[in-house]
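Please keep the sequence and the 3D view at hand while reading.

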Amino acid sequence: MCQVDEDDHHAQLETKAVLSVSQKCMKCKEGSAVLIIRVGDAFCGNCFREYFVHKFRAMLGKNRLIFPGEKVLLSVSGGPASSALLSQVQEGLRRETSKKLRFVPGIIYVDEGAACGQSLEERGEVKSQLESIFRASGFPFYIVHLEEVFNLPSSVLLCASSASDRRNESYKEAVDGFIQRASSGTQSETRQGSISYKEVQTLLSELSTQEWSGEGGTVTNRSPPFTPEQTEAVRTLLASVKTLTAREELLKTLRQHLILHTARVRGYSKVMMGDSCSRLAVKLLTNISLGRGAFLAMDTGFSDPRYGDIAIVRPMREYSSKEIAFYNRMFRVPSVFTSALDTKEPEKASIHRLTESFISKLQADFPSTVSTIYRTSEKLNTACPRPIADGELTEKCLLCLCALDTGAEEATAFRATLISENLSRNRMPDTIPALGVAKQQCCASGGEQKESCGDRVDGCHSVDRTSFTPELQTLLCYSCRLIIKDMTSVNSIPQYILSEAERRKRRAQMKEEIQDFLLNPENDAGEVTVS
Amino acid sequence: MTSCEETEEEPRFCEEAPGYRAKMAAPIDLHLEFGGGAELLFGGVKDHHVKLPSQSEPWNVKQLLAWIKTNLLRERPELFIQGDTVRPGILVLINDADWELMGELDYMLEDQDNVVFISTLHGG
């Protein structure tokens, strides 16, 4: 009897399979379907391509953040999503003038081979493959190595104010003005009497194109712009982190700093990241587990305003990884696979890995998992920061530049964890700040030479290093504290982070000392001009 | 029926039965491709031209996966195969079409088919 039922089932399944092979595209109803996306929507090749391209442009158009003529840096890691992003931008810029995308792109690639233990030959090979892809696009490209993180200035950790003149001009006016200018005069030689700001910008960006592609041509002949000692320093830094989770987060932070610095130096005002929908769903759940619940809107939203002058945008956030993989395969988008920190790691090696495997397994049985998580993340909004009269700088986390969420009010759960942590170390909670302050005073010599204390670099640092761990903690948000806590020693942290930490500590101390002499700040005195 | 008695070890197939030769599938040539990082599990080689041995029943995708697991997969089978099917996150294309449209595991393979496995777990 059971066998009879099974045969029936089997026959049913076969007939169902036969039906789907000849299924028609649900959009044009003519072409035969080649792909199923979302829950059951079958598309043919051409309709899928239209759908894909349309989604990208709709994403940019809906959010109205990218102004015409603006310089946008595309961060390409070589993986499928960022390669699809690059190809979409190329496609968008190729169209006829009325429908053309209107910004000026550049490409950045961060070479993380040092972190993954790749040899110089492997890294060189990957780099040359990517260079040929970037050159074919015609945009200026910058290849930055992870080792260059040791050359970063500490100003990268400062949050600059945004270009406020842009905000005043509405998006629509900007687009209309751009179209008028484009249609009135030709773009290349003829110059009217008055050159507008935007035209100058396009001129400047063209200049940098020439300069950089020339340099880019010889980069393979030159020796790499980093030393083996720096590679070793990167390895030591990552090896000093005990867990893979913290290592991945630290790597992510360093990468962001490198991209930010390059964007600032080269004059880009926006950075486009290639995070896909599936990636962002994993990131959302992972960040909650890591203690970054307060910053979910910034970490997974379309735009990330935390750096002030540079906005991070994520235009690929509505594409599932299946759609991207299909698009890349069907339309031959070149992408290069590079191993990451967690390649071939077991499932429970890190929180990121575990969450990814959880979501992809759930997605297999419930195909709307990822889109539900995505829609939830869409509802999160970045809260307007509370206006702080002064001391704006000390209120941001040192590493991730999000607002500090570790105010030490008495009755919070966070305070309870701190107390229990100290008790478990058999230390009284009062001695820790005192330890740090005592060491600081010995090198700050009475309090006048606050800013110039950095001159006596050797003397200061050798004393401060040992007691630095507790001091660094107070400058970090909760999740960054967890990263630092996982490190065996903070000595291998790049210099720019340590010197910025020291500077903030000194400022806070100085402010505390002169607190009594400060006048009450009025409301409009809170506009701190940071140039 | 002497022939049936002689071929005792193969009770299902009788020389007299019509279409006996047709059921005995010829060896199939397939072009397998691995992308998106899946090639790491196959020695870094993306393109494989394989010849599936002939067997009594025509090959379906489920059997192909089992064959890949024993013959091609170099390491970490759990990163490619989960139970009967591929690990969630690995996309399968048969002749450039989604395998969900072809019946997934039950699709019957034909000669010169192109099967592509793309891992989507290494984002970009």
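**Overview**

Chain B contains four helices and seven strands, where helices (H or I, at least four residues) and strands (E, at least two) are DSSP runs numbered from the N terminus. The model is predicted: local features need pLDDT of at least 70, side-chain atom pairs count only at pLDDT 80 or more, and totals for chains, interfaces and linings use all residues. Residues are numbered from 1 along each chain as its sequence is written, chains are lettered from A and ligands numbered from 1 in the order in which they are written, and side-chain values use heavy atoms, with hydrogens and water left out.

**Chain B as a whole**

- Along the sequence, the elements of chain B follow the pattern α-α-β-β-α-β-β-β-β-α-β.
- Of its 124 residues, 47% count as buried (under 20% relative accessible area, with a 1.4 Å probe and protein chains only).

**Strand E5 of chain B**

- Five of the five residues of E5(B) are buried, so this strand is largely enclosed by the rest of the structure.
- Ile90(B), Val92(B) and Ile94(B) point one way from E5(B), while Leu91(B) and Leu93(B) point the other way.
- E5(B) is joined to E7(B) by five bridges, and the two run antiparallel; two strands pair if DSSP finds at least two bridges between them.
- In E7(B), Ser119(B) stands opposite Ile90(B).
- E5(B) also pairs with E6(B) in the antiparallel sense, over two bridges, and Ile94(B) stands opposite Ala97(B) there.
- The hairpin of E5(B) and E6(B) has two residues between the strands, and Asn95(B) in the turn has a positive phi of about 55°.

**The interface with chain A**

- In chain B, 27 residues are in contact with 33 residues of chain A (heavy atoms within 4.5 Å).
- The two chains bury about 2,600 Å² between them, 60% of it on carbon and sulfur atoms; this is the accessible area (1.4 Å probe) lost on being put together, summed over both.
- Four salt bridges are counted between the chains, each a side-chain nitrogen of Lys or Arg within 4 Å of a carboxyl oxygen of Asp or Glu.
- One salt bridge links the side chains of Arg329(A) and Glu33(B) at 2.9 Å, N to O.

**The sheet in chain A**

- An open sheet of six strands in chain A has the order E5-E4-E3-E6-E8-E7, with mixed pairing.
- Strand E5 (141-145) and strand E7 (303-304) of chain A stand at the edges, each with a single partner strand, so one side of each is left without a neighbour in the sheet.

Methods. Buried means under 20% relative accessible area, exposed over 50%, partly exposed in between (1.4 Å probe, protein chains only).
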